[in-house]
Structure formats: structure tokens, C-alpha cells
Amino acid sequence: MKVEVLEGHHFLSGDVAVAEGAIAAGCRFFAGYPITPSSEVAERMSRRLPEVGGIFIQMEDELASMAALLGASWGGKKSMTATSGPGFSLMMENYGLGMMTETPCVIVNVQRAGPSTGLPTLVGQGDVMQARWGSHGPYETIALSPESPQECFDMAVRAFNFSEKYRIPVVVLMDESVGHLFERVSIPPKSEIEVIDRKISTDKKRHIYEPDDDLIPPMPPVGEGFGIHVTGLTHDERGYPVITAEAQEKLVRRLVDKIRVHADEIIDYEEFMTEDADVIVIAYGISARSARRAVIMAREKGIKAGMLRLKVIWPFPSKKLRELVEKASHFVVAEINNGQILVEVERAIRKEAVFVGKMGGEPHRPDEVLKGIEEAVK
Amino acid sequence: MSVVQANMHPLDNYLRTERLPHVWCSGCGIGTVLGAYLRAMKNIGMDPEKTIMVSGIGCTGRAAGYVKMDSFHTTHGRPIPFAVGIKAARPDLNVTVFSGDGDLFAIGGNHIIHAARRNADITVITINNFIYGMTGGQLAPTTPETGITTTSPYGNVESPFNLAGLVAVSGASYVARWTSLHVRRLEKSIEKALKKRGFSFVEVLSPCPTAYGRRNRMRDPVDMLKYFQEHAVVKHHINPLEGVIEPDKDFIVGEFLDAEEEPTFEDKLWEMTKKEFLYTSQAERTAWILEHRRHLETLSKIISGRGER
Ligand SMILES: Cc1ncc(C[n+]2csc(CCOP(=O)(O)OP(=O)(O)O)c2C)c(N)n1
Ligand code: SF4
Ligand SMILES: [Mg+2]
């Protein structure tokens, strides 16, 4: 049976779950280019979108996909793409255009191991900093990291809600292991899923980029006589280019602040056995599942270990880490790269953490993380 | 005779007059072509409120900033996929891409052939000034052989693209080439392009005295127009391959292609969606139909074979 929200209990992969979450959030436009390990997202969307009144386009490349997302979003559709490292690299310029023009959309990046073509079919977590800083210039980003198919569904909904609310491209930073993992996914009835839609401007006299008190301007519709002008150049509230340092300061400061002032609403993490912990592991995505097991193994050995799992990676929960460093003496970071979140953690706790990194290709074994915990408390 | 208000230009209703003067050099052809575009819109009664202009980056790309309609100034090379996205989302609106030769055929070259192949219902106007104007006169994929540019100081060793020919063989529905000297015929062609359902393309050879003419023995803007006058040969429906432009030789302008209208990319997308989509409740279905009323009206016209904008 064709349904809008796939309510009930299902056995789904992370890739399929993220697609279903998007549809439940109201996504009605997908543009993408196939790439392992994200192609299943596109395949699912190509089947599902027409059923729910949406449009699916396989574009000629990821540059085009990202541009089409922005166009469709201004056309009033909640829009999404899905990709992996090489495609994510190609999307970066228009990711920045989305930031500058405040265009809601969602980019799913099912991370594989890089650099370059790397390991197309195997896991990596090396795009964390790219999601943060991959496009040129100063800006703030939002990125979420699911650890299970269930969270892929939930976080797709949340990603759309953030993108609509704050008018910003949001990244769902999955990884190959989570994308290809099959697990039970429980989808609540449509009426129980909170869906946020962008604020729509109704006043034709109002300037397109005149923000409300929350620093977010309502978005005017196209084709209704608003006569909007939207540019990636630095612009004033009318949307017109102004090539001065003052205009840049005013605009970009607001783009940064609109996320910073709402950071507490966006930031989300799971604390696992942290209350009395002496050593805390920081992990996200598939690495968090190994870390959770490692924490239990450490407890069995009498080490007071705990885990802080980042559900939202950007904005980074610096405040939380500064709180934890008051209680715990040791920190371990487990991620599948050569130290990306590690830098943020060490910045926040103002001391070194033990790093359990892998270059990619396989998730951590719990005993690898355990070794890091043991080294930390030694 | 219609009465024109004093101090008012006949195209003022189509321009963001508060943004004038524009950035273009004196003697530049872009303004002439934008004027022809806006007059064509006016002649056929195309509603600016239902029209979107998308530009890339370059001197030509600045056009989007001056027109009084919803307009988007995107990234270098990407106005076409942006336009494809917006048109797919809102097939009831008219979408025009107005951008430079470098933007649409170098960095964005892949997109134009694919949009033409899909027969996306957008109109693309490109200013072929043989150069990268905005960045100060570097080699473009349209620079004639022997052309001197800031990055080919000893002459160009590459062959230029035949833009109209390339688009004509890529699956477009309407293709024409004129120069900024052929204003009337250009205007008529743009009218046809705007009315055409499916991918339509108009290439306009246009002087850039500042970045091209100056280095290529056409320092005075009039020199380039003279070159157009002396060498442009009007011919229609040629073999697109005959459209090459060679230094100091005659070249062809005219209508390259005016194909039978076929269902557009958006017609097919929405037809598929209409066929497949199914909501559980009648209320939701009604809501969907109301929301997409305009698209569906367009769609039913197409299905009955009388598609009109
Ligand atoms: C990704 C990227 N690369 C390079 C540039 C620099 N750039 C801006 S405009 C331009 C060329 C424009 O030439 P064309 O499209 O022919 O437009 P014209 O100025 O001649 O009208 C270039 C290379 C850019 N803005 N973005
Ligand atoms: S540089 Fe050339 S294309 Fe650009 S505005 Fe001046 S004359 Fe026109
Ligand atoms: Mg040019």
C-alpha cells in the first residue's frame, strides 16, 4: 500500500530510514547523483516521492544536484540530496550559496573512507570538518550524526525542522556502517511527528532579508509578485549586492549569530554512565556503538568509564565538555579519521585527550576503544 | 499611439530602476540584449510576476540584479541546474537563464547539454562576448583561434565551441543565434524562445570592448559591430555543424532549430507523480490538488496536446 508516512515497525537500513524520515518531514524534492554508499537513499526516494506528490531528479553531477536543491527550495519544496565524500566535495560551493542566501535544504552524507575515491564501500568519518568548514568563508553549520537506522529516521525529521526553522542547509552526517545497517525502525503515526515549516513572508513591502527578533527573516514565495532578488554576493536587507566591509560584517555576523543564539536548542547528545565517570569517551555515529560496549567492558574491569555521544556534531557542545572536565579527569576520543572532533574536544577541555583513531575501512572493535580507556587512566 | 509618462522609460516596469546605473561599460552589448529580452517579454504579454530570471557569475550574470521579477544570482556555472530545480518545483512559472558564455559553456558546460537533452522547459539566453569579461579578459571557450587574451598573450591555440550548434544537437526545442546588432530579429527570436515549450536557447554575439575588443584590434565598440555587420550571414535551419565561427570569415546567424513541441521534462515528471501519488485520506488528496492546482492546470493542457504558457 502506498502511504505518506510509513507508520509502524519495520526492518530497514539506515539509508532507507533516512529517506523515510525525510518524507515524513515533508520532503517533496530530491536531486542527486548516485554514489556508494548513499545510492539506496536516492533509489528509495525515486520510488517514494512520486507516491507522495513529490519530484525526484537524477542530476548530471553533484554540483547540479546541490544547485537544483536550492532552486527547488526557493520554489517552495522541502528538498534533499544524498551523497558521499567525493560528491560532498563537489557540493561545497553551493552549500555556501545556501548559507549566504539562507536556503533551507538537507544534505545526507553517508561517509566512506577518503581521501579521494578511497574505500567506496567501506566506512569512514572523515568529513566532519568538511561539514563544518568545507565551503569557503565564515559561517555556522548544523550537522547531525545518527548511530542507528532508527536515528536516521528521527534525525532526518529533525534535520528538516532545523533547516526550515533556521533557514540553513543542514547535513545528516551518516557513515557507511550505519547506512547499510538493518535494524528495527519504529515510525510513529503522522500526527505524532513534529514537523516545522519555514516562516513565509506575506508582506510584499518587507525587505527580503529583514530578520525577525530571532534573527531569521521569513522567506518570501516566488511567483507571487514579491520581486525578490537573491544573490550569493554580500547583500543588504533588500537582497541587493553591497560590496563593503560594513555590509559583510552586518550580514555574515547575523548568519553566524542566528545559529549561535539558538545553539542550546540545537545541540543534542547522549550521556552514558557519565555521572560518576573518571574517564569519558567522546564518540558519534557507528563509533559510539563500539564505545558504548567498551565503556561496559571497562566498568567490568572496575574502571569508572562513561561516554558522551554526539547526536548533533555541529554546533559542538563545548559547554557540556567544560562541565564534564570539572568531574572527570580523563578523556578519550574515538572516531574513524585522524583526529577531527579530537581537536574540538581538546579545545573545549583545554588539555590532551587519548585518541583512538582509524583511517577508515572498518569500525572500531570495542577492545580497541577499551585500550584507549585503559591508557587514559594509567 | 500610447502615451508614455515623462521621465519614464518604456521598460521601467520591468527594471529595478533603483539599482541603476548598472555596472556595464559603455559600448558593452549586454544592455542591448537585456533590452531586447524585456521587450520580447512585454510584446508577448509575459507576466513579470510569474517569471523568474536566474543568472550565474560574470558581467552578463549581473542581469538578474536589474530585472523587476523574482531573480537569482547564483554561482559560476550553475544557473541552469538551479533553474531546473525551481522549474521542476514550480512548473507554472516561466524560468529564464541569462548568463555568459564562460559561465554556461566552460564551467557550466555539462549542465547546458543535459538540460537540453532533458528538454527542460527553460529559456536560456547567453551573451557570447568571446571572453571572460568580469575577470578582466581571460581566454573563454568561445575565444576565436588567434584571439589575444590575458591568458593567451601569444594567441589562442584552442578551437572555440559553436554554441548554438552544440545546443541544437543536444536535444533542445528551439535554438537561434544573433548579434547585438540584429536587435529586431533578436527580439523576435526571444519571443519565440519564451513561447516555446521545452528547452530554448538564444546565443547573442556581443561586443566587449573593454576585455576583448581592446586586445583584438576592435578597441572602439563600433569596430565589433562593424565586424558583425560585415560577416554575419542570415540563414535558417542550417546543419548545426555549419555554425562554426572562424576569425575574419563570414559566420551564420539565424534560427538554427525550431522543433515540434514535445512533452517537456517537467510535464513528464509531474505526469508520473500525478499517476503514482496516493494519499490515504480524501482530505489530503484535495489539499494536494489545491496546492498544485496551477501545475495541474498546465499539465492537463499538455496532456490534451494544447500546451500554452
Ligand atoms: C567557481 C568560480 N571560479 C571562478 C570564478 C571567477 N569568475 C567570475 S566571472 C568569470 C568568467 C565570466 O565569464 P563569462 O561567463 O563569459 O561572463 P562575462 O563576464 O563575459 O559576461 C570567472 C572566471 C568564480 N566566480 N567562481
Ligand atoms: S567588461 Fe566587457 S562584458 Fe563586462 S561590462 Fe565591460 S564591456 Fe561588458
Ligand atoms: Mg563572456
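Where do the two chains share strand pairing? In this predicted model, strand S10 of chain A is joined by 3 bridges to strand S2 (residues 70–73) of chain B, and the two strands run parallel. One of the residue pairings here is A:His229 with B:Ser71, its bridge partner in S2(B).

Now zoom out to the whole interface between chain A and chain B. On the chain A side, 48 residues are in contact with 46 residues of chain B. The size of an interface is often given as the accessible area lost when the parts come together. For this pair, the buried area is about 3700 Å², and carbon and sulfur atoms give 56% of it. Three residues stand out: A:Lys2, A:Glu60 and A:Tyr240 supply 15% of what chain A buries against chain B, more than any other three residues.

What about polar and charged links? The rule finds 22 residue pairs in polar contact across the interface, both residues being at pLDDT 80 or more. There are also 2 salt bridges. One of them pairs B:Arg90 with A:Glu224, with the closest N and O atoms 4.0 Å apart.

Which elements of chain A give two or more residues to the side that touches chain B? Here they are:

| Element of chain A | Residues |
|---|---|
| Strand S2 | 27–32 |
| Helix H2 | 39–51 |
| Strand S3 | 55–58 |
| Helix H3 | 62–74 |
| Helix H4 | 85–101 |
| Strand S10 | 229–231 |

Of these, H3(A) gives the largest share, 8 residues. Sorted by class, the side of chain A that touches chain B has 25 nonpolar, 12 polar and 11 charged residues.

Conventions: Residues are numbered from 1 along each chain as its sequence is written. Chains are lettered from A and ligands numbered from 1 in the order in which they are written. This is a predicted model: local features need pLDDT of at least 70, side-chain atom pairs count only at pLDDT 80 or more; totals for chains, interfaces and linings use all residues. Side-chain values use heavy atoms; hydrogens and water are left out. Contact means heavy atoms within 4.5 Å. Buried area is the accessible area (1.4 Å probe) that two parts lose on being put together, summed over both. A salt bridge is a side-chain nitrogen of Lys or Arg within 4 Å of a carboxyl oxygen of Asp or Glu. A polar contact is a pair of N or O atoms within 3.5 Å; within protein, one must be able to donate a hydrogen and the other to accept it, and residues adjacent in sequence count only if both atoms are side-chain atoms. Helices (H or I, at least four residues) and strands (E, at least two) are DSSP runs, numbered from the N terminus. Ala, Val, Leu, Ile, Met, Phe, Trp, Tyr, Cys and Pro count as nonpolar, Asp, Glu, Lys and Arg as charged, and the others, Gly among them, as polar. Two strands pair if DSSP finds at least two bridges between them.
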